[in-house]
Amino acid sequence: MAALTIATGTGNWFSALALGVTLLKCLLIPTYHSTDFEVHRNWLAITHSLPISQWYYEATSEWTLDYPPFFAWFEYILSHVAKYFDQEMLNVHNLNYSSSRTLLFQRFSVIFMDVLFVYAVRECCKCIDGKKVGKELTEKPKFILSVLLLWNFGLLIVDHIHFQYNGFLFGLMLLSIARLFQKRHMEGAFLFAVLLHFKHIYLYVAPAYGVYLLRSYCFTANKPGPRGFLRCLTLCALSSFMFGWHVHEKAILLAILPMSLLSVGKAGDASIFLILTTTGHYSLFPLLFTAPELPIKILLMLLFTIYSISSLKTLFRKEKPLFNWMETFYLLGLGPLEVCCEFVFPFTSWKVKYPFIPLLLTSVYCAVGITYAWFKLYVSVLIDSAIGKTKKQ
């Protein structure tokens, strides 16, 4: 709190938030990491030691290079820094190599690349409507949005525990969105094109970009608003996610992060965001299945969820409650579900015969919440569209 007070007085609260989450990321360096750690180490080795013509054909490891060319070149650049940490990590035949220096390099490379994400969040905050400005710093929409994005629970555990490079990729996407809000359409389109050359999963939201750019830049007679684009982008991400949940469960972040921008604008969007975020983040729990990470993931999610709900309730305190009784009951049900999966089931006789039950329960329960959020957002978009047409007439 003292740091926050100092930051408030000097106008550097954003820097304080960014520095705080960076320190937390450093504390997470020794935690469990998934096979994605070896995936990216292998890609470092491939791009560093082999000619370009062999990058996409090398198959010594089962973790072949399968990302678009820009990401391959990104790994190539990283490899020339990695050689100063541990040359052995760049040997294609050193499968599952994980020295302490390799661990430090890979962890710090993710943290360093998050600089782009921090910059993108700052740009997005400039696009936020400041009508609902509270007296306190913590009640300002820009402050709330900064926390929701910079301290996003899902991104923290996926990148800095599980291990991936999503931060700078989402940074590119958020920066692209910010440029569209700022009516710098060509820059926004260029950044999204670059993003597609880094990771093909962002094709999920390409239809939203295509339609919006056609209507707002190419054919300007009927310009849609950027908030409408953002809602359609979230719908595209959610619709695609629901068809490929267990193929890529981490793709829920593709909907949660853009929805964060909407959450500080309207109470209805805030309600959808809270249901989607709480349920979506809990659906990521099975990624961290080791015992030492159990208290970490529970504590971090509790802190983020409590802050999200309390800050948005404060922001929209003059409007109707963000949840009805059914939504409140559903969200509270995540507590007993976690107790059942982590603390009760392991001591039952079913653990050996039906080990998949906790994952099944988590998946089904979260599917209900995510589908509900998708449906609620879809209805909201259709109603707002109908109201907009009525006003024009």
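Let's start on the surface, where Trp-350, Tyr-354, Phe-356, Leu-360 and Val-364 form a nonpolar patch with about 500 Å² of accessible area together. A patch here is built from residues with over 30% relative accessible area and no salt bridge, with nonpolar side chains (Val, Leu, Ile, Met, Phe, Trp, Tyr) joined within 5 Å and like charges within 9 Å. The areas come from the Shrake-Rupley method with a 1.4 Å probe, and for residues only the protein chains shown count as cover.

Before going further, please note that this is a predicted model, in which local features need pLDDT of at least 70 and side-chain atom pairs count only at pLDDT 80 or more, while totals for chains, interfaces and linings use all residues. Residues are numbered from 1 along each chain as its sequence is written, and side-chain values use heavy atoms, leaving out hydrogens and water.

Helices are DSSP runs (H or I, at least four residues), numbered from the N terminus. Phe-356 counts as partly exposed because its relative accessibility is 46%; buried means under 20%, exposed over 50%, and partly exposed in between (1.4 Å probe, protein chains only).

Now let's look inside. There are 3 cavities of 30 Å³ or more. A cavity is a set of points, on a 1 Å grid over the protein atoms alone, where a 1.4 Å probe fits but cannot get out, and its lining residues have an atom within 4 Å of a point. Grid points are joined across faces, edges and corners, and the volume is the space filled by probe spheres set on the points.

The largest cavity has a volume of about 80 Å³. Its lining includes Gln-164, Phe-170, Lys-199, Tyr-202 and His-248, and helix H8 (166–181) and helix H12 (253–263) each supply at least two residues. By class, this lining has 6 nonpolar, 3 polar and 2 charged residues. In this scheme Ala, Val, Leu, Ile, Met, Phe, Trp, Tyr, Cys and Pro are nonpolar, Asp, Glu, Lys and Arg are charged, and the others, Gly among them, are polar.

The second largest cavity holds about 40 Å³ of space. Lys-25, Asp-114, Phe-117, Leu-150, Leu-155, Leu-156 and His-160 line it. Helix H5 (100–126) and helix H7 (153–163) each give two or more residues to this lining, and H7 gives the most, with 3.

Charged side chains are our last stop. Side chains of opposite charge can pair when their charged atoms come close. The whole structure has 14 salt bridges, each being a side-chain nitrogen of Lys or Arg within 4 Å of a carboxyl oxygen of Asp or Glu.

One of them joins Lys-126 and Glu-123 (2.9 Å, N to O). Both residues lie in helix H5, 3 residues apart, about one turn of the helix. Lys-126 is exposed because its relative accessibility is 53%, whereas Glu-123, at 6%, is buried. These two also belong to a network of salt bridges with Arg-179, Arg-184 and Glu-187.

Another salt bridge brings together Glu-342 and Lys-297 (3.5 Å, N to O). Glu-342 is in helix H16 (residues 334–344) and Lys-297 in helix H14, so the pair ties together parts 45 residues apart in sequence. Glu-342 is partly exposed, with a relative accessible area of 29%, while Lys-297 is buried, at 2%.

Notes. On a 1 Å grid over the protein atoms alone, a cavity is a set of points where a 1.4 Å probe fits but cannot get out, and a pocket is an open set with protein on both sides within 12 Å along at least five of seven lines; lining residues have an atom within 4 Å of a point.
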